[in-house]
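Please read the following report alongside the sequence and the coordinates.

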Amino acid sequence: MRVVSGIQPTGNLHLGNYLGAIRNWVRMQDEITADGNGRAQVAGGGSAPKNQCLFFLADLHAISQPHVPAELYRGSLEMTAALVACGIDPARSILFNQAQVPQHAELQWLLSGTARMGWLNRMTQWKDKAGKNREGQSVALFSYPVLQAADVLLYQATHVPVGEDQKQHLELARDIAQKFNNDFAPRNENGEDVPIFTLPEPFIPPVAARIMSLRDGSAKMSKSDPSDLSRIDLSDDAETVMRKIKKAKTDPEPLPGELAGLVGRPEALNLVTIYAAVSDRSAEDVLREFAGQGFGAFKPALGELLVETLRPISQRFTELLEDRESLDAILAKGAARARTLAGPTLDSVYRALGLVRA
Ligand code: TYM
């Protein structure tokens, strides 16, 4: 498996990012394979080859919306520290930022001849972010998914671990790859097409693929939510985590014994989902334990579970942040490895398009 995924270095790493994506990134560094349903399973017998993993900060994506340059720089170093604190090992995985690998932007342009306006117009993230003011948005926000396609196609990714909200972007990447292969794949001596791009599979966790806001069970937990109480950041201290969980929106009913009893109770379902994901149990199992109990009992248990899980991550994060030179060095080394891997695919794309390079 060649595993590729990215995260925007804007704002803090939150629990949604961690449970929906980053925890799977860490697991996929080990000898873990994907079954057909996007579930991670440990490869048997130790004979399976290790996955090759590339994880990056999507800093080029971050300029598609208004931003403060100094904050983007600081955010990139902080996100690097956060990823390493979560368990991304720069010795085993290639960890870098897009801006140091110009092939991402280069391939985006080359794919822009294949991507269709109609495809991009249908992207729900574009519609949500642009709202009623499409004319006032940057061109980069519109063509954002083409850069995302370039990010994974550049490395012939086979698996892309992401949360549910990125599924549509991944489907677009597959459409672009398929059309490019159809239109431009060269023929071998037997007259058969030799595809340029591998079609990447999204790898979406069966639970926690969409963690919701703590203040509104119908909105996803997001860095851009103006309310700090809507999310748990991985850098939050124990007191903050307990306070945010205490203030999380719920309903007055006790917890049911079965999942069916959470229908129409999105906030309750979200908290149970978080508990289950963090403790690596099924939601049914959690409900069996807490059936009949109210949130007065469930919330402190969830808060403590989160504090225990986050404590080592936030400690490591704080230590790593003190050594900015090491963080810069991690990104520089990762970028050098990524540039080397990107070369052959980009060369074949230029050739396939009939673009002459000396
Ligand atoms: P970003 O930075 O918004 O989020 C990073 C990862 O976290 C997941 N995620 C969530 N999962 C569960 N519940 C949530 N509430 C939640 N919020 C975020 C996202 O699905 C994502 O996996 N466009 C991407 C970054 C990107 C990328 C790529 C990803 C750029 N190029 C290529 C994969 C492959 C983004 O903005 O993710």
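## Helix 10

Helix 10, residues 266-278, has 13 residues and reaches 18 Å from its first C-alpha to its last, close to the 18 Å expected at 1.5 Å a residue; the expected span is 1.5 Å times one less than the number of residues. Helices here are DSSP runs of H or I with at least four residues, strands are runs of E with at least two, and both are numbered from the N terminus. The model is predicted, so local features need pLDDT of at least 70 and side-chain atom pairs count only at pLDDT 80 or more, while totals for chains, interfaces and linings use all residues. Residues are numbered from 1 along each chain as its sequence is written, and side-chain values use heavy atoms, with hydrogens and water left out.

Helix 10 is followed by Asp 280, whose phi is positive, near 55°.

## Strand 4 and its partners

Strand 4 (residues 52-57) is largely enclosed by the rest of the structure, because 5 of its 6 residues are buried. Strand 1 (residues 2-7) runs parallel to strand 4 and is joined to it by 6 bridges, with Gly 6 standing opposite Phe 56. Strand 5 (residues 94-97) also pairs with strand 4 in the parallel sense, over 4 bridges, and here Phe 55 stands opposite Leu 95; pairing requires at least two DSSP bridges between two strands.

How values were computed
Buried means under 20% relative accessible area, exposed over 50%, partly exposed in between (1.4 Å probe, protein chains only).
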